[in-house]
Amino acid sequence: MNEKMKGAAFLLSVIVIILLSWNLFNYFDLNLKDSTISLSQNAPLYQAQEIRTDIYNLEGFISYTITAQNAVRYFHKKQTGNSNDPENTTWFTNPVMVLFDEIFQPYWSLKADRAKLTDNDMLYLYGHVELTNLVQSTDLKKITTENAKINLITQDISSNDSVNLYGVDFFSSGMKMQGNLRSKKADLVAKVKTHYEIQKENP
């Protein structure tokens, strides 16, 4: 009799374990489905705060540095005709970029509220854009605008917003700008106004 009772108790225990396992499996399976994160095409690859990035050219020399409050990098496919080419973009908040010249000396400092950097070295600056010339011997000292686009390879810069140029003994303003940071030149296109300060010689 004891053997029969032990067998029945064992069989009952096995059934209880199977039922409990089945219920737990369904519970966890349901929770996993509810908590699964589906990464959309616009989801960032990564995010970082208080970053500093040094970018080097193919010869191994520094081209520019970026510091920012935070950075978010995205990957998506751009539609180019019938091809789907991958494109990476990085967004920066409160970025400060320092560009280096051919002798690896810092010669421009760039600031903005936000910036977008693409993998083809196009930099887009948005909000309170300020470019400061770090070379003392040049006439053009500072450029301010609200939005600007810079090709980091050719150093060409353009803006379709109101632009202010600050230089040695002059101030200019205009509605559009084309220029080049390497040559330290900027041309205002429309509604240009220039004010000169004449330095008085001491007797």
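First, a term: on a 1 Å grid over the protein atoms alone, a cavity is a set of points where a 1.4 Å probe fits but cannot get out, and lining residues have an atom within 4 Å of a point. One caveat, this is a predicted model, where local features need pLDDT of at least 70 and side-chain atom pairs count only at pLDDT 80 or more, while totals for chains, interfaces and linings use all residues. Residues are numbered from 1 along each chain as its sequence is written, and side-chain values use heavy atoms, with hydrogens and water left out.

So, what lines the largest cavity? You've got Ile66, Phe92, Pro95, Val96, Met97, Leu110, Lys111, Ala115, Leu123 and Leu125. Strands β4, β5 and β7 each give two or more residues to that lining (strands are DSSP E runs of at least two, numbered from the N terminus). By class, the lining has 9 nonpolar residues, no polar and 1 charged, with Pro counted as nonpolar and Lys as charged.

Take Leu131: leaving out residues up to four places away in sequence, its contacts (heavy atoms within 4.5 Å) include Trp108, Leu110, Ile143 and Ile150.

Zooming out, the protein chain has 1 helix and 14 strands, and 30% of its 203 residues are buried.

Conventions
On a 1 Å grid over the protein atoms alone, a cavity is a set of points where a 1.4 Å probe fits but cannot get out, and a pocket is an open set with protein on both sides within 12 Å along at least five of seven lines; lining residues have an atom within 4 Å of a point. Helices (H or I, at least four residues) and strands (E, at least two) are DSSP runs, numbered from the N terminus. Buried means under 20% relative accessible area, exposed over 50%, partly exposed in between (1.4 Å probe, protein chains only).
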